[in-house]
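My notes follow in the order in which I worked.

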Amino acid sequence: QVHLVESGGGLVQAGGSLRLSCAASGRILSINYMGWYRQAPGKQRELVALSTRGGSTHYSDSVKGRFTISRDNAKNTVYLQMNSLKPEDTAVYYCNADIVESNSSSYYWGQGTQVTVSS
């Protein structure tokens, strides 16, 4: 059984910063990619950023230049450094990972962490 546990959410004023962490644990052989999604009230879940096993990264246009995704492969952990936060960044942030167990890979989701940015 694989688990993703997020931490680091909270309340911050506009212009502030937060750092999210997501640690994967369990019977993990390798992790193909790890990423962050977010879902605001009344909106669909959207991709924020992802990091591939090879080190490539991708960001949504709305966070490019403000957010940075990074990974510690030895710890099976992905981070999201969020700077210059805006009220529209308010959402529940979810970690997502494509994890290889034995002969196949599966997508896993974390439980979500709330980020609230006040104006």
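Which residues does a disulfide join? Bearing in mind that the model is predicted, I looked up the sulfur atoms and found that a disulfide joins Cys 22 to Cys 95, with an S to S distance of 2.1 Å. I then noted where the partners sit: Cys 22 belongs to strand β3 (residues 18-25) and Cys 95 to strand β9 (residues 91-101), so that the pair, 73 residues apart, links distant parts of the chain. The count for the protein comes to 1 disulfide.

Next I turned to the secondary structure, where I found 11 strands and 0 helices.

For the overall form, I compared the radius of gyration with a rule: a compact globule of 119 residues would have a value near 14 Å, and because the protein has 14 Å, the two agree. The C-alpha trace spans about 50 × 25 × 25 Å along its principal axes, and I noted that 45% of the 119 residues are buried.

I then looked at contacts between residues at least 6 apart in sequence, and of these 55% join residues at least 24 apart.

For the charges, I noted 11 positive and 8 negative ones, whose mean positions are 3 Å apart.

Key: Residues are numbered from 1 along each chain as its sequence is written. This is a predicted model: local features need pLDDT of at least 70, side-chain atom pairs count only at pLDDT 80 or more; totals for chains, interfaces and linings use all residues. Side-chain values use heavy atoms; hydrogens and water are left out. A disulfide is a pair of cysteine sulfur atoms within 2.5 Å. Helices (H or I, at least four residues) and strands (E, at least two) are DSSP runs, numbered from the N terminus. The radius of gyration is taken over C-alpha atoms; the globule rule is 2.2 Å times the number of residues to the power 0.38. Buried means under 20% relative accessible area, exposed over 50%, partly exposed in between (1.4 Å probe, protein chains only). Contact means heavy atoms within 4.5 Å. Lys and Arg count as positive and Asp and Glu as negative; His and the chain ends are not counted. The place of a charge is taken as NZ of Lys, CZ of Arg, CG of Asp or CD of Glu.
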